[in-house]
Structure formats: C-alpha cells, structure tokens
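Welcome! Let's take a friendly walk through this structure, one part at a time.

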2 protein chains.
Amino acid sequence: MTDRGTSLDPWYDSYAQRTAGLSASEVRALFAVASRPEVVSLAGGMPFVSALPRELVTGSIDRVMEHDAAMALQYGGGQGLRTLREHIVDIMALEGVRASAEDVVVTTGSQHALDLVTRLFIDPGDVVLAESPSYVGAIGVFRSYQAETVHVAMDDQGLVPEALRETIARLRAAGKRMKFLYTIPNFHNPAGVTMSRERRIEILDICRSNQILVLEDNPYGLLWFDEPAPQAIRSIDEDGVVYLGSFSKTLAPGFRVGWALAPHAVREKLVLANESAVLAPNSFGQYVVNAYLDAADWKAQITTFRGLYAERRDAMLAALAEFLPDLQWTTPNGGFFVWLTLPDQLDSKAMLPRAVKELVAYTPGTAFFADGRGGGQMRLSFCYPTPEQIRTGVKRLATVVNDELELIETFGTAARPAPVPDAAQTVSAPPPNMS
Amino acid sequence: MTDRGTSLDPWYDSYAQRTAGLSASEVRALFAVASRPEVVSLAGGMPFVSALPRELVTGSIDRVMEHDAAMALQYGGGQGLRTLREHIVDIMALEGVRASAEDVVVTTGSQHALDLVTRLFIDPGDVVLAESPSYVGAIGVFRSYQAETVHVAMDDQGLVPEALRETIARLRAAGKRMKFLYTIPNFHNPAGVTMSRERRIEILDICRSNQILVLEDNPYGLLWFDEPAPQAIRSIDEDGVVYLGSFSKTLAPGFRVGWALAPHAVREKLVLANESAVLAPNSFGQYVVNAYLDAADWKAQITTFRGLYAERRDAMLAALAEFLPDLQWTTPNGGFFVWLTLPDQLDSKAMLPRAVKELVAYTPGTAFFADGRGGGQMRLSFCYPTPEQIRTGVKRLATVVNDELELIETFGTAARPAPVPDAAQTVSAPPPNMS
C-alpha cells in the first residue's frame, strides 16, 4: 500500500508526491482481529478512561451548558480558549515550565501540534532527528511532509549525547538540513525510558549550538510512578524548545485537546497554520476540559491514574520476570509502555500472526523506526488491560516466543516467514487507537 | 506579515518554504475592534446557534454520557464513527447524493477535509481552479500548500462554463498542472449565488474531459429560502467529485464535525491523512452529533434555521434597497451572504477603518481573491445579527459610502488611502470566526 494509487483509481496520476509517504499498516488487519474481546491486547496506547469518575465529566459538561453554551457551540479563536490556556500554564508549571498563556496554542490533540510544527519547518528532504526507536505517529507525520527521519541511539538514560553529536556531524558533512530533534524525554513511547537531567542539559546545548530546534513531546510526564521525572527541557530554555502537551492521558482523548508551547515567533505561525487547517480546535471540548480544571480535583485524579498504571506496570514486570526471564526489557518509571528485546533469532513482525492466534497482541518494533529496524523488539502496553489480563497476556506471549524458538531450533530460521524486505513497508502505522 | 520571519526570530532561517503563504490579515486588528458590542458586524460567518433549543443539545449529551461515555471519551477510528457516517449518508440523500457510509470520512470541520484533500493532491506550483471570488479559508489552504489559485468568472448562475474552458485551455498551453476545481455551488460564500442545474452538468463534463477533480463544498445546501438548490454535483457523478459537508451551519460549529465523501481510492488516502494529522476526529463531538441525529427532529430544526436566516436575508435586501439603492448586490436564495459591488471610485479595504469608526463592519472583497482583486466589492453577512441590527448596519454603511463618495467628489481619489499594492498581502485571512 505504499504506491500512490492503483490503475483502478481514476486519480492515480493526480496525487501529490507526498502521498508516497502515506502507507497503511500491513498489520492493520491483524489489529482488527486483535480487538476481539478474547484477545489480550498489549498493543494499544489507549488510556483507561473508565477510571475517570463519570460525575466529574458530567458535572463539567453541565456547567458548560448552563453558563457557556452559546460560546461552546460556536466557532472559537485559532489559538484556543484563553482560560484553558491559563490552566495549561499552571499544569506545565508542575514540570518546571514557566510560560505565558500568550505562547500556548490549543490543538486537536497534541498529534495536530506535531503535524503543524512539522508543516512550519519541514521542506522535502529536510532531516528530523528522533530517538531510536520513536513514536509511530510522529514518524508518520514526518514522512507525510517528506522529511527524512534519522534515528539517534538511546540507552536507559535516554538519547545518547555522543551519538547525537556524531549524527549531526555526519549529516552536516553530507549536506543535510536538520530542522529539529523530536524527543519524548519522559516514559518514552515506545521505549519506556526517561532522559536524565544531565542529558537534558547536554542535549539542549548540542541542539542550540547547531541551530536545531528541540520538539519536546510530553504526554505522559505527570503519570510518574516512583518519583517525578526531571523537569522539562523547556524549563531550561524558552527560545530553543517547542513543548507539546496533551489532556489525552491525564483526562480523556475523546475531546482531542492538546497544546503546543512555542517561542513567540513560532507561536504566531502556529496559530495561522491551525486556523488554515481547522479554523479552530473544537470549542465544546475545550470548554469541558476548562470546566473540569476549574472545579474538579484534577490533581487527585492524576494521582489515581498514577496508582492505577503503576499497578499495571508492576503486573507486567512481574509477569515478564516469571514467564520470560531470559529476555531483556526496560523498566518504565511512568507512562504506558515496556520495550522488550527478543532473542536474536526471532522477528516481532513475523511472529505477530502466531501471537494473535494465541490470543495476545503487541506492537512490533518495526513500527517505531523509519528505517526498517525494530524486528528484534516489541512494545508492550500496560495502560488498558487489567493486571490479571496483563499476566495472562505475557504468559501467552511466552508460549509463542518459546514455541518459535523451539521451531527454529528444530528447523532453522526457515521455520519463520521472511520479514518483509521493503523498508518503506516496515514503517507500519497501526490504527491510531493502537499507537 | 508575509515574510517567513523576522531577524528577531531565532528560527528565521529554519522555516519551510510553504510558510511564505502563511499571512495574518492586515484587517485582523480591525476585526478585533469590530467585535465590540456597539459595532454591527456584517463581517462574520458565525451561525446563530442561539436559535438551537438548548434542551436538544443537553438531551443528546445526556444520552451519550448515559450509554456511550466510555467510547465517547476514548480515541476513535480515523474514518469517524460508523453510525454517524450512516446518518451523514441520509443527510446527503436530501440533496440527491447516493453514497455508502464506507466512502464517508468524518473530519475536524469541513475545513480540515479541505486541508486534507489539498494535501493529497497539491504539489507546489499546481493549480487549483476556483470561483471568482472564492471562500477565504479555501484560498488560505491552497496557498499553504503552495498551489496557485486561478479564479474563473462567475455570474448569477454560478461559474461560467465558457470561462472555465478558456481558463483550462490557457493554463494547459502554459504547461500548468491543474489538479481540481474548488466550487461552492449553493448560496456561494461570498457571492451568494447558486449554480444552475444546467451549469452543474456542463461544468462536471468539462472537468471530466480534462481529468480535473471537482471539489464540491456544500456547507449551506440545506439552508435554502425560497426553493431548494439543484441537486449536488456529486449526485451526477461518483468518481469525479469529492463532496464536503458540515454540521457547523445546520447544528453547531463548536463540535468541529464535518465530512468528506470521496471516490473509494481517494477515501482510503483521506483516512490515512486524517490519522496522520489528528489520529481521529474528536469522539465526543461525534457521539453528541450522532445522538442529536438519532433522537431530535433535526429536519424541523433546519426548517427553523431556514426561516430565521430568510428573515434576515429579507431585512438585508430591504435595507440595501432603502439606503443604497444605486449599488448592485446579489440576491441569495439561501446561506449567509450578500455580495455588494461598490461605485467604481471606492475601495472596500481602504474604507473599512472608516466603517468601523461608524460602528459597522464587513469583509472587504480582497479577502476572497488570491490575486489582489476584490477592492470594488464587499461581503455582507446576514447570519448573526438580528433584522433590526442588519437595518442599522446597512444604514451606517450607506453613510460611510456616501461620505466617501462626497469626499472623493470634493478632493479626488487622494482623499482615500492608497490600497495596499502587494497582491500577496491582499489575500487577507480574517480570523476564522469571521470567515
């Protein structure tokens, strides 16, 4: 599905060049199967919204309809609701960010902020630097603007500064134009690791001295387990960082309310780009989120979410230790994801159909690379299934892994289907509620 | 504001080429002034949502929170809610369109459908054909994708087929690549005219034989006054037309729920582009709109809106006949807008500050052209102000027009400020709630 059309399509010759980067996932059909109730899905990134007391939401909606209905039903401004932006400033202060509501732009989820920032900066052929691995939805956006995504190595302290320096030097020597570094410093999706304080300072410094903007994506920052993450990169520097935030994980994704905090000149352009794309983010959702922040004890609710997800993280780590003790995985201190490394002989994408047959689903690591890597890894999510389901899922996964290893021991690697060779196809975008 | 940055902007050299097309309106500050309550604004395109009985909306929201809360708060699919798409198919049938819910994509307002279709088809330098004048928000989108918008003449029967043929021939001879014709056939924004049935057939035929896609934008179609508009262009042909619809005018814009109906292969790409840009349109708004369509007598509500807007149209036409009898204007049979032509000596943009000083606002015609034309026209909206306010506003406008004419008679055209010469600047995008 990476071609620009088919000969049955009368508009085959009319599409823009950028559509070559629009590819459906080859695992999409599998994910549809995986959404059956008997399958334990460790694939999705859906927050567990059932833990949000219904009355907190209905109370907020009732207040909006009572006091602000005419405005909530009407077009709003392209920058977003002023009072909501003031709340957002308070929220960011929890991660050390000092900002003015003037420099916040509300967007249709932080995904659209990612799209709009890319639109502002990327000409075809420009380079985006990203962690190795990186968020599948970001790789898709960069591709849709014909950027080249270049991955930079990370370890359990996050992005590796020396690798960043080397990559920049190599790309510069090759005459490449690097526009920004895309990073998820906290509870990384998919890797589950957190960038250390020292690394944040050093990496910002490297980017500044190379005139590379930092795009800091932080949807999970408040969902820490054992201790808070270091303060945001944006807390160190105002001019060099565009910060992306979201209510999708701390409240609910269904309102599609996220935001960007940007240097002033960038913010002006972001508002114009937002207006051009959607006129304005949805007023109704903004008013409801605003009313929720006005009246509900949202910090207590975030504490509830933290406890919930921490329990699930613990369940996953315990199950991995019990059922797959010989494998390696990351130990996230927050967020939704564990990154699992398979034995050398196994391929996560090739193995997925067998896993789904065993009633467990995960996201193959190939989804998180722009260059075809990732076959040796997978992302496991602990956000949506219960601790019991997580244990069952990991147990089933262990069965699949061990069966595969046994097959290969008996018959050699011919026992597994060859991985899809086309690198373009391996940047598979799972359906959005899976990512 | 048409430059890509200023020397005070540290990212001045980093922006993408397409940002050259991102320009704030020079009348933006004026519109801010015009939003003061003492000003009668004939500038905006805001529907009169106060005419929507509040209990219809709260009833729909209550049903969503009672029965579908977990889904409405969660991420949805990139194509949009299935049951809502089925309702949309029924709505389009009212305008003669036969479609399958499979070929509908729900978007963040129809503005985002416009953005996504342009993203799929436009490479820099490609041509979009559009009516003369055309919707300011569409011109902005085309510009943001570096398309060249070429206007085609229209008269009181809509787009002129002979002009379309000549334009296509001329552009083809010049080696231009024409991707689609953007048209608003019903109650045109800003021109207020409706394309005749015969023209629809002929124009579709011209586009088909030239392999040019038709992008039919129809936000106002159900809001007819004296008689329904002819059936949609999409009713004549499935493969050659992408049809855009919206709930912003028939329900409320604050939910940002619109849609595209596209040929199958285009639809597949639209869903992928939608997912890349925003993951999914907001679930909550979709569920509320769906519940409204399930349970409310929405056809009766549209009849109410029709009566309301017809009364305001009548008030505007009567006021124009009373206070500006020597000028020319269009007589819309639906929608929100009248297009007024000024005496030759006057310039609608230059005159706007004086109008706002006299406490009336309008949108200068220059906003609706990509090529600097429109100084001799203005758009007057009758959707939001009451009939009494409309009469007051037109009376004030007449004072401004007559004062200007008198000044020019006395002092010559030096009496008015020179129009801004840079054509790029004249494609002013008013803030979205004004467009």
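## Reading the model

Two strands pair if DSSP finds at least two bridges between them. Helices (H or I, at least four residues) and strands (E, at least two) are DSSP runs, numbered from the N terminus.

This is a predicted model, in which local features need pLDDT of at least 70, side-chain atom pairs count only at pLDDT 80 or more, and totals for chains, interfaces and linings use all residues. Residues are numbered from 1 along each chain as its sequence is written, while chains are lettered from A and ligands numbered from 1 in the order in which they are written.

## A sheet in chain B

Chain B has an open sheet of four strands, with antiparallel pairing and the order E10-E11-E14-E13. At its edges lie strand E10 (328-329) and strand E13 (363-364) of chain B, each pairing on one side only.

Two bridges join E13(B) to strand E14 (residues 377-381) of chain B in the antiparallel sense. Here Thr363(B) has Arg379(B) in E14(B) as its bridge partner.

## Where the chains meet

Chain A and chain B each give 72 residues to their contact (two residues are in contact if their C-beta atoms, placed from the backbone, lie within 7 Å). On the side of chain A that touches chain B, the largest share, nine residues, comes from H9(A).

## Two helices in chain B

Helix H5 (residues 109-121) and helix H9 (residues 264-278) of chain B pack with their axes 10 Å apart. Leu116(B), Arg119(B) and Leu120(B) in H5(B) meet residues of H9(B), including Val266(B) and Lys269(B).

Definitions and conventions: Axes are lines fitted to C-alpha atoms, for helices over the stretch in contact, and angles run from 0 to 180 degrees between N-to-C directions.
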